[in-house]
Amino acid sequence: MTLNQLRYFCTASRCHSITKAAEELYVTQPTVSVAIRDLEIEFGISLFYRKGNRLILTEEGEELYNKATYILQYCTELQADYSSMARVKPPLRIGIPPMLSTVFFPELLIAFHDQYPEITVVLEEYGSVRACNLVQDDTLDLALVNMEQYNIDKFNKALLANDQVVFCVSDDHRLADKEVVTTKEMSKESLIFFNADSVQNQLLKTRFETDGYVPDIVMRSSQIYTILQLVKTCKYGSFLYSSMTDRFASSGIKGIPLSPPIRIKIGMIWKKGKYISDNMQKFLNFTKMYYREHPLIQKF
């Protein structure tokens, strides 16, 4: 029995699916299946039975799940406890989508470092969808995410700001003078979308499908300033958050609200049941306080 086998088993139990567990863990389906099979062979029990397309724990599987969850959590706490005794403490690992890093984190990190210069922070850029998965498997301690996703209730979370998606064009674009823009109008434009692991992409895709239009996506990118340079050519439109457009207004970029609007919530998430180190608690407390004192301007 290995910790990885227990981790794969617990993930499949939570997801009720080998496929979804493999996606969340970023491993192949056979890897998860073999781990579960090996556990069943080692203990001489059946862990799951199928009900439709869902995996359901057997009575023995339920008992193993409870104990395996405890073991995994204990190992996490053990590692954190002994790491806290070390003279050099491990860095705080924080995931952040490229779009949110532009508005949210620069000033926050400077202020946090000024108050806690001894705490090392490592930032990893991921879309909100993948960042959530990496928090779940303990690759990341925390993540700043767009909270408009189906599985957000699996995590502990703190709401930091409300915002909305806006359609960004150059000041010389033919739609620049509009007060709001519809999916019908946007479907006629050459569009730049963010990468596939962006929650914003999922929201926009759903909006276009619901309204019966197909977006003309000519490019995908996670680089904000590359997107802005392309938008400024007047040939493309893209999508950002309204709180970002104030910062880019002087660059000849205008953000037009969508009709009807797409509201979003931006927050910090961390794993339920996770051992919270002293450094992690300090960061959580500081972040909540910072955005109470420095709220983003809401335009709706």
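# A quick tour of the fold

Let's start with T58: at 14% relative accessibility, this residue counts as buried (buried means under 20% relative accessible area, exposed means over 50%, and partly exposed is in between, using a 1.4 Å probe and protein chains only). Keep in mind that this is a predicted model, where local features need pLDDT of at least 70, side-chain atom pairs count only at pLDDT 80 or more, and totals for chains, interfaces and linings use all residues. Residues are numbered from 1 along each chain as its sequence is written, and side-chain values use heavy atoms, with hydrogens and water left out.

**Around T58 and F48**

- T58 sits in the loop between β2 (54-57) and α4 (59-85); helices (H or I, at least four residues) and strands (E, at least two) are DSSP runs, numbered from the N terminus.
- Which residues is T58 in contact with, leaving aside its neighbours within four places in sequence? They are S46, L47, F48 and Y49, where contact means heavy atoms within 4.5 Å.
- A polar atom of the T58 side chain lies 2.6 Å from the backbone oxygen of S46.
- F48 belongs to strand β1 (residues 48-51), and at 14% relative accessibility F48 counts as buried.
- Leaving aside neighbours within four places in sequence, the contacts of F48 include F9, A12, I36, L55 and T58.
- F48 and N156 are 108 residues apart along the chain, and their C-alpha atoms are separated by 28 Å.

**Cysteines**

- How many disulfides does the structure hold? The count is zero, with a disulfide taken as a pair of cysteine sulfur atoms within 2.5 Å.
- C10 is in no disulfide, and the nearest cysteine sulfur, that of C15, is 11 Å away. With a relative accessible area of 7%, C10 is buried.
- For C75, the closest cysteine sulfur is the one in C10, and at 11 Å it is too far for a bond. C75 is partly exposed, with a relative accessible area of 29%.

**Aromatic rings**

- A pair of aromatic rings is described by the distance of the centres and the angle of the planes.
- The rule here is that rings of Phe, Tyr and Trp (its six-membered ring) pair if their centres lie within 6.5 Å; planes under 30 degrees apart count as stacked, over 60 as edge-to-face and the rest as tilted. By this rule there are eleven aromatic pairs.
- One of them is Y70 with Y74: the ring centres are 6.1 Å apart and the planes are at 25 degrees, so the pair is stacked.
- Both Y70 and Y74 are in helix α4, four residues apart, which is about one turn of the helix. Y70 is exposed at a relative accessible area of 58%, while Y74 counts as partly exposed at 44%.
- F112 and F283 make an edge-to-face pair, 4.9 Å centre to centre with 75 degrees between the planes. This pair links distant parts of the chain, with F112 in helix α6 (residues 105-115) and F283 in helix α12 (residues 278-293), 171 residues apart.

**Strand β3 and its partners**

- Why is strand β3 (residues 92-96) largely enclosed by the rest of the structure? Because four of its five residues are buried.
- β3 pairs with strand β4 (residues 121-125) in the parallel sense over five bridges; two strands pair if DSSP finds at least two bridges between them.
- β3 also runs parallel to strand β5 (residues 142-146), joined by two bridges.
- G95 stands opposite E124 in β4 and opposite A143 in β5.

- S238 is found in strand β9 (residues 237-241) and counts as buried at 1% relative accessibility.
- A polar atom of the S238 side chain lies 2.8 Å from the backbone oxygen of I192.
- Leaving aside neighbours within four places in sequence, S238 is in contact with residues including C168, I192, I227 and V231.
- In helix α10 (residues 224-231), the residues I224, I227, L228 and V231 are buried. They cover an arc of only 100 degrees around the axis, so they are on the same side of α10; the arc is that of the directions from the helix axis to the C-beta atoms.

Conventions: A polar contact is a pair of N or O atoms within 3.5 Å; within protein, one must be able to donate a hydrogen and the other to accept it, and residues adjacent in sequence count only if both atoms are side-chain atoms.
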